[in-house]
Amino acid sequence: MTTFYLDGQAFDSAEDESVLETLIRSGSSINYSCKKGACKTCLVQHVSGELSAGSQRGLTARLKANHYLSACQCQPVEGLKLKTVFEQDLFVSAQLLERVFLTESVLKVQIKSSENLHCYAGQYINLRRFDGLTRSYAVAKVLDGNVIELHISRKYNGQFSGWLFSTASIGEHLLIQGPLGQCIYKEAYQQDKLILIGHGAGIGAVIGIVEQALAMSHQAEIYLYHGARTVAELYLHKKCLSLMLAHKNVHYRACITATSQADLIDKRCLQIQPFELAAKEHPINRHNRVFLCGEAEAVVKAQQQAFLDGFEYAKIHVLPFEYKDLRSVKRG
Ligand code: FES
């Protein structure tokens, strides 16, 4: 048993329990989502005592300098003192500006932040609603500095996505934390061949990264793949085709992953996993750079395969959409 303190209150953690697991078991109202150190919704602040290795893994230099740590990644050490973070320390206020159905299961949402967050397509933000429920979403586009566009898939039992799809109204008050993540285009990549794969609604962020690259005068070839289960889910097919027509260095492939699709020929789609096709079309080369965005399982699998195939780890940029059905998680 190890005792640590949060806001002066003592908590006894069982062996191998993280700070977050102890707080959940004790019925504390801490926010969390991924439990993997990715979403940063469980941040707390270090006051005193020894910190276990990895407690601050993946945090930005600014968050580390301000003594933040992820409760889900922190193994408590006897006497560790922590304090909760005030919303205003990490979040800025925002409003729901627009909600448009792109398909039955993908919603385009625009959020207007009260300040310019300097974020880019391929990063992600944490959105918090009135009751504290918080979820991470990928940035597909940034308009006028402080309007952020997200493409959100409807999740089975998804509390936040379900609310956005059916109940949230325009003007709704929200809080934003971020931006977070580094799956973004940088000027230093201008001469690299870019291979970008969007799985499901990940295509929104992928197109945002392509548009960013084109705006920064990217020189080399850009290969864009969209992996969708069905033809109907290729919701940005026309947009991808127009990008290909407008820019001679942009190439687009639509990949259908379900087993039978009658209209594959009409849409000029291929029935193959997008990473499998990309690997066939682009032999490993040190000038290739890969971006993978979308459904976590597909992204992580492609990331592992790219690494095993010989891609430099630093040239594989990923934005997996982690999802947890929190109603199946036992609390307290
Ligand atoms: S719950 Fe700790 S980082 Fe996501």
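Start with the surface: the chain exposes about 16,000 Å², and carbon and sulfur atoms supply 49% of that (areas by the Shrake-Rupley method with a 1.4 Å probe; for residues, only the protein chains shown count as cover). Before going on, know that this is a predicted model, where local features need pLDDT of at least 70 and side-chain atom pairs count only at pLDDT 80 or more, while totals for chains, interfaces and linings use all residues. Residues are numbered from 1 along each chain as its sequence is written, and side-chain values use heavy atoms, leaving out hydrogens and water.

Now switch to cartoon view. You'll find 8 helices and 17 strands (DSSP runs numbered from the N terminus: helices are H or I with at least four residues, strands are E with at least two).

Next, colour by burial. Of the 332 residues, 52% count as buried (under 20% relative accessible area, 1.4 Å probe, protein chains only).

Time to zoom in: select Asp192. Where does it sit? Look in the loop between strand E12 (173-180) and strand E13 (193-199). Is Asp192 buried or exposed? Buried, with a relative accessible area of 7%.

Now show its surroundings. Leaving aside residues up to four places away in sequence, Asp192 touches His218, Ala220, Glu221, His287 and Arg289 (contact means heavy atoms within 4.5 Å). Last stop, Arg289: its side chain and that of Asp192 are joined by a polar contact of 2.8 Å (a pair of N or O atoms within 3.5 Å; within protein, one must be able to donate a hydrogen and the other to accept it, and residues adjacent in sequence count only if both atoms are side-chain atoms).

Technical notes. Buried < 20%, exposed > 50% of the residue type's maximum accessible area, 1.4 Å probe, protein only.
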